[in-house]
Protein chains: 2
Amino acid sequence: MLPATTRKRRKPASPEDGGLRMTRQRQEVYDILRAHRDHPTATDVFLRVKDSLPNISLATVYNCLELLVEHGLVRQVNFERESSRFCPNLEQHGHFHDRGTGTIHDVKFKPGTDLADVLELPQGAVIQDIEINLRGLLHQT
Amino acid sequence: MLPATTRKRRKPASPEDGGLRMTRQRQEVYDILRAHRDHPTATDVFLRVKDSLPNISLATVYNCLELLVEHGLVRQVNFERESSRFCPNLEQHGHFHDRGTGTIHDVKFKPGTDLADVLELPQGAVIQDIEINLRGLLHQT
DNA sequence: GAATTAATTTAGAATAATTCTTGCTATTGC
DNA sequence: GCAATAGCAAGAATTATTCTAAATTAATTC
Ligand SMILES: [Mn+2]
Ligand SMILES: [Mn+2]
Ligand SMILES: [Zn+2]
Ligand SMILES: [Zn+2]
């Protein structure tokens, strides 16, 4: 058996990428989400990624987004029945949809507070996932 | 001009029904939502309403649900990208989806608490609508 | 490093929830 | 009762998303 250092080996899955092999397409999709954190739809991502990968297909963009979500690198955000949007912010946060401009803003949780303090959860409920979506208007101050 | 009491007049829109004319179909759809508050989908409602209105169409169920939502009698509840569900509970509340059984439970807000206390809202944000969706498991106690 | 195997991507077809269109029916206002 | 309006049913259309199958690329084995 050869020493471990000389054996050819695939790049190990880092904790960062959640064990997902970072192909060119997946990396570009992920980079695009982190470059412009405006909660783009799959089609938005598709149009943007074409600049660097002109031959990428929409199906691949959907595949990449699905994998990034499954591996916990990206969050999928749904407002009403609109197209899903994608967000690389992994901190616990909600979303505010400004009906005036159509933009979506991240909403942090105040430190030291717990959502469960505000809610009357059913007996025995163990929360695995929290989704908070707000809609309204953003007025100039 | 005849006295008001003798003139034939349509049933006035009550504050309860939000100005919506309550046709047979709308009434049955609404009654079904209030009878079983299990957050049924449009198809669920369709199947149930057929007992009393065997000729109703799915399109009509969708129309009725849309109108009931627009007029504020019913809330539309979306989890992920699943079919919309419908809820006649008009109190401010969130939803807990038990992944074990697939059931959806209403989650009241604790009296005297304010969600805004837990969130760092963007400057100038005026909230018109709040959606809180929780997912997890309900353990027997 | 060529052959083999496995994973990924692509293009287009399929799916499914929802919405739209159209002709018909019921209700309303007069 | 009659014209105008509103509502309904059936099925077609829409659209975001998923699936399928073939081609490409990458990894593994020899
Ligand atoms: Mn967009
Ligand atoms: Mn159901
Ligand atoms: Zn976000
Ligand atoms: Zn509810």
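1. Let's start with B:E80, which is partly exposed, with a relative accessible area of 34%. B:E80 sits in the loop of chain B that runs between β1 (75-77) and β2 (85-87). Its backbone deserves a look too: phi of B:E80 is near 50 degrees, a positive value in a residue other than glycine. Most residues other than glycine have a negative phi. Keep in mind while reading that this is a predicted model.

2. A:H39 raises the point again, with phi near 60 degrees, also a positive value in a residue other than glycine. You'll find A:H39 in the loop between α1 (24-35) and α2 (42-49) of chain A. Is A:H39 buried or exposed? A:H39 has a relative accessible area of 2%, so it counts as buried, the cut-off being under 20%.

3. A:H39 also brings us to the metal. Which residues coordinate the zinc ion (ligand 3)? A:H39 and A:H93 and A:H95 each give NE2, A:C87 gives SG and A:D106 gives OD, at 2.1 to 2.5 Å. Along the sequence, the spacing of these donor residues reads H-x47-C-x5-H-x1-H-x10-D. Within that set, A:C87 belongs to strand β2 (residues 85-87) and A:D106 to strand β4 (residues 104-109), so this pair links distant parts of chain A, 19 residues apart.

4. How do A:C87 and A:D106 compare in accessibility? A:C87 is at 1% relative accessibility and therefore counts as buried. A:D106, on the other hand, has a relative accessible area of 31%, so it is partly exposed.

5. Now the fold of chain A. There are three helices and six strands, and read along the sequence the pattern is α-α-α-β-β-β-β-β-β. Of the 141 residues of chain A, 36% count as buried. As for contacts between residues at least 6 apart in sequence, 48% of those in chain A join residues at least 24 apart. The accessible surface of chain A is about 8400 Å², and carbon and sulfur atoms account for 49% of that.

6. A:H97 is another histidine to click on. A:H97 lies in strand β3 (residues 93-98) of chain A. With 13% relative accessibility, A:H97 counts as buried. What does A:H97 touch, leaving out residues up to four places away in sequence? The list is A:F79, A:G102, A:T103, A:I104, A:L134, A:R135 and A:G136.

7. On to the two copies. Chain A superposes on chain B by a rotation of 180 degrees with 0.0 Å of shift along its axis, and the RMSD is 0.0 Å. The two copies are thus related as by a two-fold rotation axis. The same surface serves both copies, since 100% of the contact residues of chain A recur in chain B. Which residue of chain A comes closest to the rotation axis? That would be A:I132, whose C-alpha is at 2.3 Å.

8. Last, a word on rings. In chain B, B:R34 lies over the face of B:Y30, with 3.9 Å to the ring centre.

Methods: Residues numbered from 1 in each chain as written. Chains lettered and ligands numbered in written order. Predicted model: local features only at pLDDT ≥ 70, side-chain atom pairs only at ≥ 80, totals over all residues. Heavy atoms only, no water. Donors = N, O, S within 2.8 Å, 3.2 Å for Na, K, Ca; no water. Helix = DSSP H or I, 4+ residues; strand = E, 2+ residues; numbered from the N terminus. Buried < 20%, exposed > 50% of the residue type's maximum accessible area, 1.4 Å probe, protein only. Contact = heavy atoms within 4.5 Å. Areas by Shrake-Rupley, 256 points an atom, 1.4 Å probe, with all protein chains shown as cover. Least-squares fit on C-alpha atoms with pLDDT ≥ 70 in both. Lys NZ or Arg CZ within 6 Å of the ring centre and 35° of its normal.
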